[in-house]
Amino acid sequence: MENRENWGSRLGFIMAAAGSAVGLGNIWKFPFTAGQNGGGAFVLVYLFFVAIIGFSVMLTEFAVGRRRSLAAVGAFKSVDRRWTFAGVLGVLSGFLIMGFYPVVGGWALAYVFKVPMGLLNNPDTIGDTFGGFITGKTAPLMWMVVYLALNIAIVAKGVSSGIEKAGKILMPILFSILIIIAIKGLTLPGAMAGMEFLFKPDFSKLNGGVVLAALGQAFFSLSLGMGCMITYGSYLSKEENLAENAAIVTAMDTGVALLAGIAMFPAMFAFGMEPAAGPGLVFVVVPTIFAKMGGAGMMFATLFFVALTTAALTSSVSLLEVVVAYLIDEKKFSRVNAVLSSSAVMAVLCVLASLSLGGTGPKLFGFGSFDIFDLLTDKIFLAIGGMLLCIFTGWVLKKDELKEEITNGGKIAFPLFDIWYGLVKFVIPVTILLVAISGIMDGFKSGSGAIMVMGVIIIGIFAAISKKL
Ligand code: TRP
């Protein structure tokens, strides 16, 4: 416990936690998920979940992690062995998210090179180029491997030296470029329809599936529900104000997601593209906007994909770190062995995920690996992981102990403590349960219900064998 590595500085922690949160989830996933779920109403529900559930769960993860000074699994296990499964579930989520995240990270990395090599010369073919690229067999795999290797290098170096530095430099750049894109997009003719789509709620579009998608997006984007912020919190100094840190990270993450939406939708509507276009959205909209700007456009587009790749990296290293910390703390692996063995498994999952986009490989209920990994994690494992953490915190941990941790032993005030506690103990678990049930029921209309039920069964099996984990 005494030898735990610590964050180099206050800013270092915020940048690393925000670096974990801000990633492909904000810039790639949020816009296309909002598009597929009807826009405004989805966005409103998402914001509501972020404010009420996201912030509270993040504070819970920080508090539990720092209190126990142990990463995800140990934090549960050291209190009560029966709860080990809740931590191990997070490790499983880490493997599954890392089973597709590096595929998309690889696309971003590939675009760093494709843009200067002439991608923008012919704006009309940008969409087809993307479709052709990701459904191909070897090229996306090669980029995925390079991307994963970057993760391995960073995580193998350890916490403060690797992750912290990467986060500090490119986040401001990413933010600036998104603002440039947003301004450019908003000045195109017909752009306002995009703002309306994104911010004018049409409540007739709401159903169980959309609400669960919003909840899943909130968890995914904030890096919650799998022990990531527990692990980061465990490296956090006793002097830090947990609530303040959670508020800053939540606000930054949500700001970037909204900014990404504002950067994408006006331009899409101006270009006459479909809002439900899917995973290709950023990879098509951003190059198309910049293609119209000549030489400077090419430079900005390249810089955008450099920044996107970096944002993705600071997120995926946090996912890898959860798995690695588990292997080090619980299974007594050396750091290097932990990194290498876990990323070997992730690489295999990524190969399946990438090939599934071209229609190759196994299918389950009509879904390929990429979609299955995404569905299971985002909508089931993360949301239920968050629910379990709240039940554990509210019903197993002691209220006094939590208060002491969050107020740094009474040194700082947290006036919202009782509200937070009530949310964590009662409101959030019940809300997540209801949203999950209605979302799964809706999922049976599209076939995803069966996969989600499978996820719930997996959680049940983990719970049953918890003492062996
Ligand atoms: N939040 C990151 C993103 O938006 C992804 C991520 C990193 C994540 N760590 C996580 C998602 C832990 C869920 C759980 O890109």
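Is Pro-429 buried or exposed? Pro-429 is buried, at a relative accessible area of 9%, where buried means under 20%, exposed over 50% and partly exposed in between, with a 1.4 Å probe and protein chains only.

This is a predicted model, in which local features need pLDDT of at least 70 and side-chain atom pairs count only at pLDDT 80 or more, while totals for chains, interfaces and linings use all residues. Residues are numbered from 1 along each chain as its sequence is written, and side-chain values use heavy atoms, with hydrogens and water left out.

1. Pro-429 and its surroundings. Pro-429 lies in helix 19, residues 417–446. Helices here are DSSP runs (H or I, at least four residues), numbered from the N terminus. Leaving aside residues up to four places away in sequence, Pro-429 touches Met-387, Cys-390, Ile-391, Leu-423 and Val-424. Contact means heavy atoms within 4.5 Å. Ala-383 is 46 residues from Pro-429 in sequence. In space, the two C-alpha atoms are 9.6 Å apart.

2. The nonpolar core. The largest nonpolar core has 172 residues. Such a core is a set of buried Ala, Val, Leu, Ile, Met, Phe, Trp, Tyr and Cys residues joined through side-chain atoms within 4.5 Å. Helix 15 supplies the largest share of this core, 17 residues. Trp-28, Trp-107, Phe-283 and Phe-304 have the most contacts inside the core.

3. Phe-283 and Thr-288. Look next at Phe-283. Not counting residues up to four places away in sequence, its partners are Trp-28, Val-104, Trp-107, Ala-108, Tyr-111, Ile-126, Phe-130 and Phe-305. Thr-288 is in helix 14, residues 281–291. Thr-288 counts as buried because its relative accessibility is 9%.

4. Helix 5 against helix 15. The axes of helix 5 (residues 84–97) and helix 15 (residues 294–329) come within 9 Å. They cross at roughly 135 degrees. Axes are lines fitted to C-alpha atoms, for helices over the stretch in contact, and angles run from 0 to 180 degrees between N-to-C directions. Helix 5 and helix 15 are therefore oblique to each other. Angles under 35 degrees count as roughly parallel, over 145 as roughly antiparallel, 65 to 115 as roughly perpendicular and the rest as oblique. Val-88, Val-91, Gly-94, Phe-95 and Ile-97 of helix 5 meet Leu-319, Val-323 and Tyr-326 of helix 15. By class, this contact has 7 nonpolar, 1 polar and no charged residues. Ala, Val, Leu, Ile, Met, Phe, Trp, Tyr, Cys and Pro count as nonpolar, Asp, Glu, Lys and Arg as charged, and the others, Gly among them, as polar.

5. Helix 16 against helix 17. The axes of helix 16 (residues 335–356) and helix 17 (residues 369–395) come within 6 Å and cross at roughly 115 degrees. Leu-349, Leu-352, Ala-353 and Ser-356 in helix 16 meet Ser-369, Phe-370 and Phe-373 in helix 17. That contact has 5 nonpolar, 2 polar and no charged residues.

6. Two positive phi values. Ser-223 is not a glycine, yet its phi is positive, near 60 degrees. Ser-223 sits in the loop between helix 11 (208–221) and helix 12 (228–234). At 11% relative accessibility, Ser-223 is buried. Lys-332, also not a glycine, has a positive phi of about 55 degrees. The loop between helix 15 and helix 16 holds Lys-332. Lys-332 counts as exposed because its relative accessibility is 66%.
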